[in-house]
Each structure stands twice: as C-alpha cells, then as structure tokens.
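Subject: Structure for your files

Hello,

Here is the structure I said I would pass on. My notes on it follow below.

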Amino acid sequence: MPQRPEGPGPRWGLIAIPILWIVAVTVVDVLAPPDIHLGPLLVAAPAITPSFGGPRTVGAVAALAVVAQTLIGVIRDPDDLLSANHEAQIIALLLVGVSLVVFCVVRERRAKELSQVRHVSDAAQRVVLPPLPGKLGPLRASALYLAAEAEARIGGDLYAAARTTSGTRLIVGDVRGKGLTAVNDAALLLGAFRVAAHREAGLSELVAYLDRCVCWDLMEPGETGRLGETFITATIMDIPDRNGPVRMISCGHPPPIVLRDGRPTTMHATHPAPPLGLGDLTHPRYEIDSFPFEPGDLLLLYTDGVTEARDDSGAFYPLTDRITGWDESSPDAFLHRLRRDLLRYVGGPLDDDAAMIAVQRPALPRA
C-alpha cells in the first residue's frame, strides 16, 4: 500500500474534511424535523480517514463522531437522555471506529515490513547488479534497468564491466526464466565474470570459462535432467582504450547497435555462439567478431525486453527506427530519452525486464 504523504500541511488539510462533515451532519440533524435522522451519516467521517491518516487520527475522528452522535441525542431528546435509536447508532459508531483503528494498525505494520523488504531488495541489487561507473577508462558509460513488476528491484537481466590493462570488458545477458532462480543464475554469471575478466586470457577462453561455470551450477550432483533447460543469452566484448575495433562474442543475444552521427548500425554476429549453459550439449568453438567503434560513436547494448516491448496493437518496439537521428551528448541523456520513448510507446509498464547499457567513446577535440 502506498505510503501516506508526510508533513503537517497536507495531513491537516485532509483532516479538516471529516471534521467539517461531522459538524455539518450534526447541525443539520439537530435542525431537521423530528422524523428525520441523519446521525448514521456520521460513520462516513471515520470511514474515509484511513485513506490519509494513521491509527491515532482515525481514533480521534471516530471519537469525535461518537461525541457528535451523543450530542445530537441529548439535544433532540432532552427529556429522555438517549433514545434506543441513538444508543444503537453510538454503539455502531464505536464498533466501526475500533475496527478502523485495528485495520490501520495492521496496515502500518505491513507497510513497515514492506519498507524493510524494499531496503533488503535494494541492497541485494547493489550487490548483485551494481551500477556501472560513469567512466571506464577513456570511455563514458551508463546503464538502466527497467523491471516489469512495479515492486521488483532485480531480475534475470544482467550487465557488468571490468577494466583490463588495455581496455574494458563488458557483458550483458538475460537469464531464461524468472523469479529467484533467475536471480541466482544471474548472480553466478556476474560473479564468474568479475573473477575472470581481469585476467589476460583471450575473449574466447573467457566465454568458455563462463559457459562451464553456468553448466556446473545448473547441474546438481548426479542429476542430468536439467541439462539444457536453463541457459543465459549474453554478449561479451572487449573495447580497447585506444582507437580500434571492438571484439565481440555473441551467445544468442540481441546484437549491439552503434550510433554514429544519428545513424544506427546493427552489428550482427557472423559467428554466433549458443547461449551460455548449453556448451555441454553443443561443444561450440567461440569465434570472435569485430566492428569499428570510433571517437564520437555511441554503443548500445540491451536485452530482449526492449525489442520485444509491444504497443496497444501488438507491434514490437522498432529500436533502430526510433533512435535514428538522436544526438544526445552523453550516455546518461541517451538512456533517459530511450526510457521515456520506450514507456511512451508501450503505454504502461513493460511485460518483461529490460536492461540497457550505453557506452560512448568521446569525440576528438577539434583542432
């Protein structure tokens, strides 16, 4: 349940509504003919108070309603202190008030528990999927994660970067499946990448090592039934610090896009490899593709949650068409615009998690 707005301004302004309602009903009921009874309308005051108030506020409004009902009974029947009708209305107000106070107490406790869970989830995300640094050597970088569920903080999409002696190694991936199993598999791959990416082994050896790590984790001792059921699509690449081509191995993942002077170019892999986790079935040879990445270029990596997002008619998000002509000056600005455009295209939350990474090689200073 959403947190109530804090601060004395809006809260006191909203409290005035049930109080004015109680005053209005009391005045009208006292002045009304003897055969007209408006006292039951007092229950509306404590009923609406939980929408903005806590247990104490609800209890105070309910008590004020009980006092108002008692006052109405005393004024309208001065000879008989309280009629049976007024006594029944007072008892009803008491029961409603107590029930609402109990409801507010339970709601406050649930909200506190939810807040604690969110803090734990945020901490888990920072550990498993920390934000990319703004600078990776000479490169500028930014990352964005969009969860399909409003309360989600982490899922099966992943990304990470590691510095080497000559450049930056980058991975972006997507675990098949959802829930805690996908989070566990993503954490395993990211941990293996962070351990091995700093070594001087070649890109092919790194990808082979990551595949073995995923295969080992997916198989329990003596179990063969899960082989091939779970896998991770990924793109792993080396980006040199100095001008030079990007070296890439694509394991069943959507191809990266290079944006140059507002013109996007999709970098399809000519030697694609199977997703990580299927190496024991296919025994692949990891061959490296390369493509140019010049000063001023922006490299976009993403998961299929972006390209498989649909509008109301069911059409997929046309990524390359939408970003054509974009000339944002930084990766942060580019991803901010992409996020707005994607959510506007979908018209609501995404059906699948989506991760986006933008890396830019700064343009050379003009002579």
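Contact here means heavy atoms within 4.5 Å. This is a predicted model, in which local features need pLDDT of at least 70 and side-chain atom pairs count only at pLDDT 80 or more, while totals for chains, interfaces and linings use all residues. Residues are numbered from 1 along each chain as its sequence is written, and side-chain values use heavy atoms, with hydrogens and water left out.

Overall picture

The protein chain has ten helices and eleven strands; helices (H or I, at least four residues) and strands (E, at least two) are DSSP runs, numbered from the N terminus. Of its 367 residues, 42% count as buried. Buried means under 20% relative accessible area, exposed over 50%, and partly exposed in between, with a 1.4 Å probe and protein chains only. The protein chain exposes about 19000 Å², of which carbon and sulfur atoms supply 60%. Accessible areas come from the Shrake-Rupley method with a 1.4 Å probe, and for residues only the protein chains shown count as cover. Among contacts in the protein chain with a separation of 6 or more, 71% are between residues 24 or more positions apart.

Strand β4 and its partners

Strand β4 covers residues 167–175, and nine of the nine are buried, so the strand is largely enclosed by the rest of the structure. Two strands pair if DSSP finds at least two bridges between them. Strand β3 (residues 157–163) runs antiparallel to β4, with seven bridges joining them, and a hairpin of three residues connects β3 to β4. Within this pairing, A162 stands opposite R169 of β4. β4 also pairs with strand β5 (residues 232–240), again in the antiparallel sense, over nine bridges. There the bridge partner of V175 is I232 in β5.

Q69

Q69 is in helix α3 (residues 55–76). Leaving aside neighbours within four places in sequence, Q69 is in contact with G39, P40, L42, H86, Q89, I90 and L93.

D261

D261 sits in the loop between β7 (257–260) and β8 (263–266). D261 is exposed, at a relative accessible area of 65%. Its phi is near 55 degrees, a positive value in a residue other than glycine. Most residues other than glycine have a negative phi.

Regards
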